[in-house]
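The following questions and answers concern the structure shown here. Please keep the sequence and the model at hand while reading.

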Amino acid sequence: MTATSPIALSLLMDRLSWPVKMVRWKAAKAIRMLVENEETNAECIDSLLSWIASRVFESEVISGLSILLILKPSSRPSFERVCASIARPSLLSELLLERIYEGRRCGGWEKGHSGNAPKYFVPARYFEEFKKVHVPPIFTHNVDNLERQNGLPFAVQWAYEWQLLTEATQTAKTNYAHHFGDFGLQQAGIGGQFCQRQGEVYRSAYLRMLSYAANVWGMPPRYAANYLFNALSLLPGLFDVEPQQRPSWLGDLPSAILRDDGNLVDVGKAIVAAGRQCENCLVALGTPFPVGEMEFGDLELLSFFVSEDFEPEFEQKLQAPLDIYFPGDLTFGGVRKPLEMKVVPGKLGTAISVCADTQPVLRGFWHDDYFQRGLLLPASYCFDVETTLHAGTDGLNVTCESGQVAQATFWHDAWTPLYAKGSPTRCGIATFMRRDALKQAASRFGMRIGWSIRANTMVKDDGFSELNPSSHKAFFLE
């Protein structure tokens, strides 16, 4: 069976509906590769458009169109063929087509809703209970915000669209994702990065609600776009990131923490020393423990600018601040805006995180594993010049006029979609910064460099009982 045989292509397209987000991302990359290959372009385009045409959820149509968004223009199918393949249009599909095909419109989204919710309609208990489970809480936040600003029943309309769509598609009202793993893991706080079919119902109902608002309530489509883009499957730019090899310099250092004589501070100092690479130095690390020693365990190292007298409070949790930004033109990266420096008091002195967790508002939920890990990059205040962020196959890169000043790379370590509460999936990240730039920033602030190290573990106390989580923290100066 060849890579472009009808059966192989059908199996590949079906991966776009796979219950694991990472699988969908990988499938989309394979589809793009085949489409951009002249020898396989025609067959793959036919298969992709057939897949889009057979969808029963608006959110799945968005997934298919999102792949067109990251294709080279010369590899894309004609606008007419794409329009003919969309059986479940939405206002978001219309906005994507406008971007992909330079302002051309397909239409049909105006009827992509169920009409006005009856006055007697009451949202189902299941809908209310799981609306922050099957889709991110930002959806509920957006709906509440729209109601406050406009005084219209957005929440009821969302629930109404969900109810009718659930019934029409006969979608089961699932709870825990049974596709993988052991149900008993849920009792131990183990979750998973899954896409259940109900997630498609909630997302599609959300899209239908906004199509209704634009068509019936007169919401301007450009205003609705601010809320629609939260339902994107992928974010161009970030889509290109590939997992790299686990850093060889890291060796088996994280394993030392799991030994009886493992000392957090000693291991942390050894990792920092090992992470000094020519002109660059480590400023952040997040890594799972080796799967053979601990399936659900995580180690995090974060650097801080600290005053000479800094001493953290007992059990104080030092963490990187959020740097939330709006990507330009539906893509990851661009010129970084200044981030306000957050000074954290300790028992004595103060600390400022070197890195910030860079989170775009328009996320693309296929990338949730990396968002959950944290996109740790040196904050803009670390530099006295304007910096630019972009993503590539090698990771996330921060540059200025003089060249690259920081980079973050990801790797997968016996990856699974399962993760412990408060920890990411088995993805690792290592963030490096130019050593001279770090020294200049510390000198500019009149501070030195300190490190917070935290080990999250999940162990069975007697070897047979349930997994019990524990967390150990320490702080040391470089």
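Q: In which sense do β4 and strand β8 pair?
A: This is a predicted model, in which local features need pLDDT of at least 70, side-chain atom pairs count only at pLDDT 80 or more, and totals for chains, interfaces and linings use all residues. Residues are numbered from 1 along each chain as its sequence is written, and side-chain values use heavy atoms, with hydrogens and water left out. Strands are DSSP runs of E of at least two residues and helices are runs of H or I of at least four, numbered from the N terminus; two strands pair if DSSP finds at least two bridges between them. Between β4 and β8 (residues 355-360) there are 4 bridges, and the sense is parallel.

Q: Which residue of β8 stands opposite Leu-322?
A: β4 covers 322-325, and its pairing with β8 runs over 4 bridges. The residue of β8 opposite Leu-322 is Asp-357.

Q: Which strands stand at the edges of the open sheet of 3 strands?
A: The strand order is β4-β8-β9, with mixed pairing. An edge strand here has a single partner strand, so one side of it is left without a neighbour in the sheet. The edges are β4 and β9 (376-378).

Q: Is strand β11 mostly covered or mostly open?
A: Buried means under 20% relative accessible area, exposed over 50%, and partly exposed in between, with a 1.4 Å probe and protein chains only. In β11 (residues 395-400), 6 of its 6 residues are buried, and the strand is mostly covered.

Q: Which residue of β11 stands opposite Ala-391?
A: Strand β10 (residues 388-392) runs antiparallel to β11, joined by 5 bridges. A hairpin of 2 residues connects β10 to β11. The residue opposite Ala-391 is Leu-396.

Q: How are helices α1 and α2 oriented to each other?
A: Axes are lines fitted to C-alpha atoms, for helices over the stretch in contact, and angles run from 0 to 180 degrees between N-to-C directions. Angles under 35 degrees count as roughly parallel, over 145 as roughly antiparallel, 65 to 115 as roughly perpendicular, and the rest as oblique. α1 (residues 6-14) and α2 (residues 21-35) pack at about 135°, with their axes 9 Å apart. The helices are therefore oblique.
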